[in-house]
Amino acid sequence: MPPTLPPWPYPDIPPAPPPPPPREPAWSGLELTLIVIFTLAAMVVVSLIAVFTWAIAARASGQVLGMPREQMIVALMLLGQTGGFFLGFGFAWTWVAQAQGRKFWDAIHWRKLSASGAAYALLGGVALMAVVQLLGHWVHMPKNTPEQALFTPHTAWMLAVYGVVIAPFFEEFFFRGLLYPTLKATFTSGMEQDELRRWRPLTRILAALGVLAVVVWALRAHFMLGTSVGVEKPILVVALLVILVMPQWLLQGVGWILNQIARLNRGEALAILVTGFLFGMMHAAQLSWAWGPVLLLAFVGIVLTAVRAASGSLVPSWLMHCAYNGVLFVAEFVTTQGFHHFPH
C-alpha cells in the first residue's frame, strides 16, 4: 500500500543555507608573523649548514674549492636566503592547505593571466624602471653601497639569476601574497579583543627575550668589564614588569590604534602604502640606509602592490618585478661589457 501523502499543498522545505565564504585572507596577522619568524630562522639555519659544509669540504681538500673568496661568500649568502625562502614557502603552503583547508594558490591569489595581460605586465616593469631612473636624478644616490660591493666578474651571473628568477617570486609571495591582504583586512576591520589575546604569548616571549638581552648586558658589564652598574636588582624587577605588564599594555595600544585606522575606511590604500614602505625598508641595509634609493624602492613597492590590488592577482606584480630587475641587470651587463669590467 503506497504511503499516505500530506494534504496539498505540500509544505515547503527550506533550502540549505549557502556555505560561509572563505576567510580572506586565509591566515591571521599572528599566523603571518609566525611564518616570517620561521622563514628568518630557516635562513639562519640553512646559512650555518652551508658555511659548516663549505668549511669541512675546504679543510678536507686543502683549498677553498677552487672559487674566489667573494664568489664563495655570495654563493653561501644566496644559498642561505634561497633555502630559507623555500622552507618558509613550504611552511606557509602546509599551514594554509592543511590547517585552513584552502587551495594554496587560490588563497594567495595566484591566478592565470592572458598572454596580452602578461605582455602588459612585462612592459609595465620596463616602464617602471625607466621612471625610477628618471627620479634617481632628483635624489641623492650613494656612490658605494654593500649591494654594489657584491658585484664582481665572479659573482655577477649568480646575482643576476637570483635577482631575476628567484628573488621576485619570493618577495612577491611574502609582500604582495601574504602581507598586503593581511594589512588590508587589519586596516579595514581593526582588531577585536579575542584576536589581541591570541597575540599575548608571542609578545611575552619577545618581551622576555628583550629583557634577557638587557640582563645579559648588565651582568657582562659588571663581571667581565668591571663596570659597576649597581642596578642588578632593579633590572630584575623591571624585567618582571616588562614580561607581565608591558605586552598587555602594548597590545591594547596597538589594538586601539588599528581600530581608529579602521574608522577611516581607507584600509586598502593604507595597506598599499605600508606594504610598499616595508618593501623599501627591507632593502635599506643593502643601500647603506641612504634615503634616496630606499624611497625609490618604496615607490616601486607601492606601484607593485597597487597592481596586485587592482588586478586581484599576484601574477601581474610578479611579472613586473621580474621585468624591472631584468632591465636593471641588462643595463649592468651592457655598462660592464658583459660583467667583466666593474669600476672599483
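Predicted model: local features only at pLDDT ≥ 70, side-chain atom pairs only at ≥ 80, totals over all residues.
Me: Is the packing of α6 and α10 parallel, perpendicular, antiparallel or oblique?
Reply: Helix α6 (residues 156–189) and helix α10 (residues 267–282) pack at an angle of about 140°, with their axes 8 Å apart. Angles over 145 degrees count as roughly antiparallel and 65 to 115 as roughly perpendicular, the rest beyond the parallel range being oblique. The arrangement of α6 relative to α10 is therefore oblique.

Me: How many nonpolar residues does the contact of α6 with α10 have?
Reply: On the α6 side, the contacting residues include Phe175, Leu179 and Leu183. On the α10 side, Leu270, Ile272 and Phe279 are among them. By class, the contact has three polar residues, four charged residues and, as the number asked for, twelve nonpolar ones.

Me: Is Arg102 buried or exposed?
Reply: Arg102 forms a salt bridge with Asp106 at 3.8 Å, N to O. Asp106 is partly exposed, with a relative accessible area of 41%. Buried means under 20%; Arg102, at 14% relative accessibility, is therefore buried.

Me: What is the N to O distance in the salt bridge of Asp194 and Arg197?
Reply: Asp194 and Arg197 are three residues apart in helix α7 (residues 193–223), so about one helical turn separates them. Their side chains meet in a salt bridge with an N to O distance of 2.1 Å.

Definitions and conventions
Residues numbered from 1 in each chain as written. Heavy atoms only, no water. Axes fitted to C-alpha atoms, helices over the stretch in contact; angles between N-to-C directions. Helix = DSSP H or I, 4+ residues; strand = E, 2+ residues; numbered from the N terminus. Parallel < 35°, antiparallel > 145°, perpendicular 65-115°, else oblique. Contact = heavy atoms within 4.5 Å. Nonpolar A, V, L, I, M, F, W, Y, C, P; charged D, E, K, R; others polar. Salt bridge = Lys/Arg side-chain N within 4 Å of Asp/Glu carboxyl O. Buried < 20%, exposed > 50% of the residue type's maximum accessible area, 1.4 Å probe, protein only.
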